[in-house]
Amino acid sequence: MSQPVKESPLMEKISSLCKRRGFIFQSSEIYGGIAGFWDYGPMGAELKRNLRDLWWRAMTREREDVLGLDATIIMHPAIWKASGHVDTFSDPMADCLLTQKRFRADHVDLQSGMVFRFTGASGDEGTASAVAFAVLVPPGKPRESALKVAKQFYEQRGVKNAVVLGGEQGEKVENTRGFNPENGAQLTEPRPFNLMFKTYVGPTATEADVAYLRPETAQAIFAQFKNVLDTSRQKVPFGICQIGKAFRNEVTPKNYTFRSREFEQMELEFFIKPDEAVAAVCGSVAEWSESADLSVPADNWGWEMWHRYWVAQRTAFYQSIGLGADVLDYYWQTGDDLAHYARACVDILFKFPFGTEELEGIAARGDFDLTQHQTHCGKPQEFFDEELKAAVSGWDEAKRAEFVAVKTAEFRAKAEAAAAKAKRAATAEELAAAVARAEHWSARFFTGNYVPHVIEPSAGLDRLALAVLCAAFCEEDKADVNGKVERRTVLRFHPRVAPVKVGVFPLLKNRPELVAKAREVYAMLKPLMNCFYDETAAIGRRYARQDEAGTPFGVTIDFETLGEKGPELADTVTVRERDNGAQHRVKIAELKGWLLERLA
RNA sequence: GCGGGUGUAGUUCAAUGGUAGAACACGAGCUUCCCAAGCUUGAUACGUCAGUUCGAUUCUGAUCACCCGCUCCA
């Protein structure tokens, strides 16, 4: 899926343009910067705001079935315990001292054998090292193989033709994770690697006061699911969306703003009926096929149709802001990529200059998240479905027993699969717990209650802004009036996302009538759209400046406007299009409508 | 976190152990009837901190940041 480009001078051009034109600055630049943090300048702030507003409009304002939420960044730490972030975001990591390869310290295979500990090495030309190093040799292998690895280690550190010191006697060790299974070289001490930013709430700053900056916005939606459900008169299926900052202490922020430590997410959790409920109410669940109509949701849609629907919706959104099929790609996660709770996940990828990388993930997460919170907080996170209750009330004992049996088999299989992943068999307790869960699940189901399943389109706003910038970036060579070829840079933003919509220029600035008229037009347009007034330099230069800023239209007040070229042209202006230089004469009275039509 | 590379005006690049220069961009003025024209003029830089030195942007070290590769990445 990823196709790395060797060097990316294009990316450098884009980042220097972003700085030059006030799109993106390094955070805290005057103090030398801070890795993984970026600021948006005046143009970038407008661009981002446009993208944010367009997403919000498409996701909630234009829909009946999605509501907005604006939750805090710091939440109860138990949320991150329930979501799994506390455990999986704080992996201890260890590096191989020889190859620098990194391991999850708790995932290194257990090994036994003889450990040889070396105290250093001396070599030719007075080179030496006093760094301690150890090698594990599997049972039966000679000491020489340890010496070989150690020699390599010391020679890497500049000891020429190293003679290894110490390690005459091996020491028997069992079940250690301290050595690289591939070459026996010693690993560094495990270091905790918590990707969540930690802080303290309240004045005492003890371990009891630890809180985290959210590493994703999604959990707030799950945590407020019940409140939204209870106060909004919505029925499943419906969604809750949110835009906001999230924080991850990334090991390596890279590719400009693509992987940052502070970033903005736009997430939707769309809650749907479990397939069992759809089947009970509608008789069957719609099957997805290539020819399926995804335009209007239907009652008999199960998770798969909903998942496909959201992929189509999101694709249409990208299309609407100028990111078409030519710059997008899709990656359907399978098997091992897929998180254990996910049923399916599609990444929508954008062809960045540095490779094709994820813009948005659309996951079918089952009922994992709400179930986790239900378990941890002890409060039901269920939806009571009248239709389901009515549908199952007619079921006889045999049908119910059959349902419970199917559910039980499913829960048992899940428990076994989880155990298999940890390379062991499921215990009797685990299987009994699975059966109990299946019975409870079924019992709730027969009363019309279930924990909704969820489809999660999760997009990165900063990534989207970067993608839009990359897609818009365009250089063309053009000869000027003297025939000198000059390279012009144009940001071909879709008018919807362009930070500045229109530039207003008097043709000449030393003609007060032109300037006065231009100020008038500017004042007229300013309340309706972001405009920019410019009277300095030649008109061509002003056009070029706006091209580089991605402004789609330029309005020039000229002598025709003043009626000097005949009364029929009085009070008309020249409107110039950024992408092809085409000029139109538009009456000032019709200018607002003309522009708004093209910006919509 | 590891390995390699790079840090000089806003940008792209020079030069230099002793006063740092250009192009473009930017500001002001003049000029200019449609695509970076011209003239005058102005402001702006050695990432940071140490060390060596009479003197460091230059040499050394550390640090910070960026880029590439690993690693990581719900």
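This is a predicted model: local features need pLDDT of at least 70, side-chain atom pairs count only at pLDDT 80 or more; totals for chains, interfaces and linings use all residues.
1. Start with the second largest pocket, which has a volume of about 1,300 Å³. The term covers an open set of points on a 1 Å grid over the protein atoms alone, with protein on both sides within 12 Å along at least five of seven lines; a lining residue has an atom within 4 Å of a point. The volume is the space filled by probe spheres set on the points, with grid points joined across faces, edges and corners. Its lining runs to 36 residues, and His 340, Asp 367, Phe 368, Lys 414 and Arg 437 lie nearest the centre. Two or more lining residues each come from strand S17 (355-366), helix H10 (368-377), helix H12 (397-421), helix H13 (428-446) and strand S19 (449-450). H12 gives the most, with 8 residues. By type, the lining splits into 14 nonpolar, 10 polar and 12 charged residues.

2. Residues are numbered from 1 along each chain as its sequence is written, chains are lettered from A and ligands numbered from 1 in the order in which they are written, and side-chain values use heavy atoms, with hydrogens and water left out. The helices (H or I, at least four residues) and strands (E, at least two) are DSSP runs, numbered from the N terminus.

3. Back to S17, one of the pocket-lining strands. 10 of its 12 residues are buried, so S17 is largely enclosed by the rest of the structure. (Buried is under 20% relative accessible area, exposed is over 50%, and partly exposed is in between, using a 1.4 Å probe and protein chains only.) Strand S16 (residues 344-352) runs antiparallel to S17, joined by 9 bridges; strands count as paired if DSSP finds at least two bridges between them. The two form a hairpin with 2 residues between them, and Phe 352 has Gly 355 in S17 as its bridge partner. S17 also runs antiparallel to strand S20 (residues 453-460), with 6 bridges, and here Ala 364 stands opposite Ile 455 in S20.

4. How many salt bridges does the structure hold? There are 30, each a side-chain nitrogen of Lys or Arg within 4 Å of a carboxyl oxygen of Asp or Glu. Glu 29 and Lys 19 make one at 3.3 Å, N to O. Glu 29 sits in the loop between strand S1 (24-26) and strand S2 (38-40) and Lys 19 in helix H1 (residues 9-20), so the pair ties together parts that are 10 residues apart in sequence. Both ends are partly exposed, Glu 29 at 37% and Lys 19 at 43%.

5. Glu 410 is partly exposed at 28%, whereas Lys 407 is buried at 3%. Arg 424 and Glu 430 also meet in a salt bridge, at 3.0 Å, N to O; Arg 424 is partly exposed at 40%, and Glu 430 is partly exposed at 28%.

6. On cysteines, the disulfide count is 0, taking a disulfide as a pair of cysteine sulfur atoms within 2.5 Å. Cys 345 has its nearest cysteine sulfur, that of Cys 241, 19 Å away, and is buried at 10%. For Cys 470, the closest cysteine sulfur is in Cys 18 at 7.9 Å, too far for a bond; Cys 470 is buried at 12%.

7. Finally, some backbone spots to check. The peptide bond from Val 236 to Pro 237 is cis, with omega near 5°, and Pro 237 lies in the loop between helix H7 (225-232) and strand S13 (238-247). Asn 255 isn't a glycine but has a positive phi of about 55°; Asn 255 is in the loop between S13 and strand S14 (262-272) and is partly exposed at 25%. Asp 571, another residue other than glycine, has a positive phi near 60°. Asp 571 falls in the loop between strand S25 (553-557) and strand S26 (572-577) and is partly exposed at 39%.

Terms used
On a 1 Å grid over the protein atoms alone, a cavity is a set of points where a 1.4 Å probe fits but cannot get out, and a pocket is an open set with protein on both sides within 12 Å along at least five of seven lines; lining residues have an atom within 4 Å of a point. Ala, Val, Leu, Ile, Met, Phe, Trp, Tyr, Cys and Pro count as nonpolar, Asp, Glu, Lys and Arg as charged, and the others, Gly among them, as polar.
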